[in-house]
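Please read it alongside the sequence and the coordinates.

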Amino acid sequence: MQKWECTVCGWVYDPAKGDPSQGIKPGTPFEDLPEDWVCPECGAPKDMFQPL
Amino acid sequence: MRFVIVGGGAAGIAAAQKLRSLAPASSITLLEAETVPHYLRPGLIEVLAGKKELLGITPYSRDWFEKRGIDYRLGEAAVSLDPARREVFLSSGKAIPYDRLLLALGAEPIRPGIPGVDLPGVFTLRTAADVERIRTWAVGRERGVVLGGGWLGLEAAYALRNMLEEVFVLDRGPWPLPRQLDREGGQVLTSLLRDKGLEIVGETEASEIQGESEVREVVLSSGKRIPADLVLIAIGVRPRIGLAQDAGIATNRGIVVNDFLETSAPDIYAAGDVAEWQGRLYGIIPAAREQGLIAAQNMVEPKSARYAGTNPIQRLKVAGVDLLCLGETQPTGGSFLEEKFREEGRYLKLVLDGERRLRGAVAIGFPELMEKLELLFHEGTPVPKDFLGRL
């Protein structure tokens with residue numbers, strides 16, 4: 001599945017891992033993340049990510 | 001219900017968003033002393049390096065706040081607080097009443113008490129305004145000295161290298177990132193940073209900064225002098241507790257909070273870098289956000305959410321170098337086994353227990369191994385005997 005990178009801090013969203021810190025289960029594609037989801041490292045919202 | 005948040009950093013913004021979603025009809029006021037809209041602080045390094053504009057790390061426009069009915073007041077600093085009357089006072093003298101208040105005041109850089117620390121050309125790095133001042137000053141300057149070889153000091157030095165001919169980093173410790181790295185890792189990092197134009201000087205402290213109208217040189221405790229026309233202080237931060245202290249709220253190093261992020265005063269909460277929870281000051285964005293969210297829940301419904309600590313996210317890069325530090329990197333005592341691999345510009349150390357489970361690791365220059373190491377570390381599966389041999 002497509003990984004996405006935070007354009008501010010470089011943190012990478014890997015759908016295989018999800019984001020347990022915000023209750024996102026492994027296997028969740030980036031597109032399906034809730035609108036209020038943010039980069040767990042720097043707080044950047046979804047629209048500041050780009051496909052890796 | 002009138003909610004007031006003092007401080008529009010990571011904790012304050014997260015709290016404002018959460019308050020709005022939980023209490024659609026409430027009034028939310030967000031006071032921010034800085035004059036520019038909320039930006040993502042970790043991105044300031046890229047702005048300092050000239051690789052990004054402030055706008056590129058600014059996630060929300062003023063419209064965004066307006067649409068959500070958040071009264072976002074930039075350039076409004078809270079100067080005092082009256083918990084009995086439930087009012088916050090602004091520098092203009094104006095009083096803002098609240099039903100529940102969140103103190104998300106953040107932290108400010110520590111300046112050492114040495115002579116010359118206030119000379120023009122000596123900076124700290126915390127805000128967008130700091131970055132602007134440093135970038136303006138750096139034009140036409142050549143020699144920078146950064147005091148402090150922690151994450152911020154190294155990142156800032158690397159960014160300054162884009163503008164200056166030469167950058168020294170001074171640290172009290174024997175090598176950079178002494179809490180995270182072992183000696184050999186420190187040596188490898190030092191030489192990699194040297195290749196990038198950063199000179200790291202360990203086991204040293206500045207005893208004085210000299211110059212007449214502006215900074216000219218840094219005098220070390222050894223007596224040695226390093227010429228400098230720009231000095232950046234990055235020796236750490238301290239929570240902004242003054243407002244709470246003056247109002248009689250319990251403080252220690254930070255504003256003391258319980259598991260509900262309540263302070264000692266009724267209906268006043270604290271979150272983020274300013275908050276001290278179970279003796280801990282996290283000073284990291286993920287903790288600030290999490291505390292902001294939990295404080296907001298409790299402001300809407302008291303004692304409805306408990307904070308249980310934040311696991312820090314592993315940093316994977318410093319000053320352009322791939323680097324991972326996990327768990328015990330410098331074990332003392334115990335029956336740990338260390339396995340090392342070192343070659344030009346790369347270093348890997350595994351700290352294993354009797355069952356060959358990974359208890360700690362340092363990896364410099366192995367971006368492809370980081371995921372694997374984290375997995376081994378968290379799952380506790382034994383590390384194969386030929387792990388290093390297969391590199």
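Helices (H or I, at least four residues) and strands (E, at least two) are taken here as DSSP runs, numbered from the N terminus. The model is a predicted one, in which local features need pLDDT of at least 70 and side-chain atom pairs count only at pLDDT 80 or more, while totals for chains, interfaces and linings use all residues. Residues are numbered from 1 along each chain as its sequence is written, chains are lettered from A and ligands numbered from 1 in the order in which they are written, and side-chain values use heavy atoms, with hydrogens and water left out.

1. Fold of chain A. Chain A has three strands and zero helices, and its pattern along the sequence reads β-β-β. Its radius of gyration, taken over C-alpha atoms, is 10 Å, close to the 10 Å that the globule rule gives for 52 residues, so chain A is as compact as a globular protein of that length; the rule is 2.2 Å times the number of residues to the power 0.38.

2. Interior of chain A. Of the 52 residues in chain A, 46% are buried (under 20% relative accessible area, with exposed over 50% and partly exposed in between; 1.4 Å probe, protein chains only). Among contacts (heavy atoms within 4.5 Å) between residues at least 6 apart in sequence, 43% join residues at least 24 apart.

3. Position of B:S26. This serine of chain B lies in the loop between α1 (10-22) and β2 (27-32). B:S26 counts as buried because its relative accessibility is 9%. A polar atom of its side chain lies 2.7 Å from the backbone oxygen of B:A23. Leaving aside residues up to four places away in sequence, B:S26 touches B:M1, B:F3, B:L19 and B:R20.

4. Extent of the interface. Of the area that chain B buries against chain A, B:L40, B:R289 and B:I313 supply 37%, more than any other three residues. In terms of contacts, 15 residues of chain B meet 14 residues of chain A.

5. Zero salt bridges are found between chain B and chain A (a side-chain nitrogen of Lys or Arg within 4 Å of a carboxyl oxygen of Asp or Glu).

How values were computed: Polar contact = N/O pair within 3.5 Å; in protein donor to acceptor, adjacent residues only side chain to side chain. Buried area = accessible area lost by both parts, 1.4 Å probe.
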